[in-house]
Amino acid sequence: MVDETRRNLIKAGVVAVVGSAIGFIAVKREKLMELLKPVDKVELLSAIDREYSVYAERAKKKEAELKRWCMEEAAKLCRERGEESVECVEAKRRCDAIQVKATGPRKGVRFAMAIDLNKCIGCRRCAYACVMENNQGRNLNIEWIKVLGVERKEFPEILGSQLDYEMAPLPDTVYIPISCMHCENPPCVMVCPVRATWKESDGIVVVDYDRCIGCRYCIAACPYGARYFNWAKPVVPVLELNPNMHILGNVPRVPHVVEKCTFCIQRTRDGGVPACVEVCPVGARVFGDLNDPNSPIRRVIERYGVYTLKSEAGTNPRLFYFFGPSKPVHKQEGRR
Amino acid sequence: MRMIMLVMLAILGLISASAAAVAVAEEEELYPCEKCHLKLKLTGMKKASVYHAVNLTIGAHKGLVCADCHVPPTMSELVGGVNIVSFYKGDYKELNVVCAGCHEKTYRDYVNLVHGNKTIVCEGEVKVLVKGYKNVSYWLHLCQDYTSLSVVPAKGCVECHTPHNPHYKPLAPLPPPSRRPPPPDQSVIAYTTLGVIISSLMLIVVPFVVELEKGGRRGR
């Protein structure tokens, strides 16, 4: 009898405990919902693997549009110069070759570039190649790469550097090419009110020209002056068009957007090197994947050590400078 | 169309190559080296040759003698087991082994795409020279497919360094950046913006006013 009562009591106790525990959890969960908001699954996943499907679609549209424009221009050329002229044939061939890609970042890749300041002779060939490769408007005089001539003195100053030197290399000058630094911590991305610029997982800071509203906050935020605003429609002659295009890179821009270096996204995403690296006559530029232990950039970092510009701005740039084993040009004896 | 262009390019290449060969032949007919050297019994222990206008008493290689690179007595073989005919034929990269023997570190840098410039290659590639921005020419890569590129060293050592005086000779700089066209006048922008705002306000307000007027009249 006593046993019976005790058992019943214990049962009742267990039921009560379980019941209140469930109630406790249920109540807490409701309270918790106020604190922790649920996330929309669809939205989250589509944002994570933006999958470039949006861009692929847009790229296709852009390609058709560009081909149409190109054919019109080519037809104009043909009327002017004659159907059989070299220009006409070449222009049509170029139009056919137009390809707008939307290649996404490869997993586990982190791009970086390094420039050997002992080799750079300040010849500006990189800046010109960049204009040609990236279908820059020939009417706007925007050059994504600037070469600073900094005097070698006790306290060299970036502010006192020269952009418009006519003679190079001078013995007492070091030449520092600058362009977008593809910072790990890009201030331009932070200030963009419409999220038209962001850092991709392979380290390239890109601009979505269709989303950019031209407010130019990013230009003000960039400590390197690496972003440029096109005040007019860029004009690219068909015969100079680079048919290898990327929707986030060198596709001919619409007017009134901000543009900048993209590490030649149309080349590097597909295994190439940027045009400036290719054209550099002294081979001062090195490009590669930071995550690949055999890449050229890793070799430079491990063998020579690298430096950055304005790291005190907290930007953590991925465009490095280094001092290779060569003697600086002015110290070489026996020059002819 | 592409085939025709390719053929044209090939023909152009042939013409220029033969032109270069003719120029060398007319100058002094250096090749084959054995032609003169077989009778000369050369040792290669010299620092300068008047005949060939090579002077190793100046320049970065002033510690060397001819035999450090040219194998006597014919001199047409080079150290590392290449023949100088590759230079004649234009296969400059084959001569890299000559330099690799002494400049091992730099050569490893070169192989790892650190030293020297690099270029991209792709399938079905045609390179065209275009004259573009400010009349500066640029080699454009035209590929069938741009999605599989690879990177290789662009030049052999001897294309940047003359072996007999190896310091690189700098190129002249291209013209400095030009002034960018000025942005539209600020006052124009201000007035246009003001105009747009006012006219859009009018567009919004006028229908209401008209509505009101109508309503008022009906009310009366």
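This is a predicted model: local features need pLDDT of at least 70, side-chain atom pairs count only at pLDDT 80 or more; totals for chains, interfaces and linings use all residues.

Student: Why is A:Asp202 called buried?

Tutor: Buried means under 20% relative accessible area. A:Asp202 has 1%, so the residue counts as buried.

Student: What makes the pair of A:Arg269 and A:Asp202 a salt bridge?

Tutor: The rule asks for a side-chain nitrogen of Lys or Arg within 4 Å of a carboxyl oxygen of Asp or Glu. Here the N to O distance is 2.6 Å, so the pair meets the rule. The pair links distant parts of the chain, 67 residues apart. A:Arg269 lies in the loop between helix H8 (265-268) and helix H9 (275-279) of chain A, and A:Asp202 in the loop between strand E5 (197-199) and strand E6 (205-207) of chain A.

Student: How do you know whether A:Arg269 is buried or exposed?

Tutor: Its relative accessible area is 4%. The cut-off for buried is under 20%, and therefore A:Arg269 is buried.

Student: What makes A:Glu259 and A:Arg253 a salt bridge, and how accessible are these residues?

Tutor: Their side chains meet at 3.1 Å, N to O, and the limit is 4 Å, so the name applies. A:Glu259 has a relative accessible area of 1% and A:Arg253 has 3%, so both count as buried.

Student: How do you know that A:Asp116 and A:Lys119 form a salt bridge?

Tutor: The closest N and O atoms are 3.6 Å apart, which is within 4 Å, so this pair also qualifies. Both A:Asp116 and A:Lys119 are buried. Over all chains, the structure holds 25 salt bridges.

Student: Which salt bridge joins chain A and chain B?

Tutor: One of them is formed by B:Asp109 and A:Arg299, with the closest N and O atoms 2.7 Å apart.

Student: Why are strand E3 (70-71) and strand E5 (82-83) of chain B said to stand at the edges?

Tutor: The open sheet has the order E3-E4-E5 (chain B), with antiparallel pairing. Strands E3 and E5 of chain B each have a single partner strand, so one side of each is left without a neighbour in the sheet.

Student: How do you know that E3(B) pairs with strand E4 (residues 77-78) of chain B?

Tutor: Pairing needs at least two bridges, and two bridges join these strands, so they count as paired. The bridge partner of B:Val71 in E4(B) is B:Glu77.

Terms used. Residues are numbered from 1 along each chain as its sequence is written. Chains are lettered from A and ligands numbered from 1 in the order in which they are written. Side-chain values use heavy atoms; hydrogens and water are left out. Helices (H or I, at least four residues) and strands (E, at least two) are DSSP runs, numbered from the N terminus. Buried means under 20% relative accessible area, exposed over 50%, partly exposed in between (1.4 Å probe, protein chains only).
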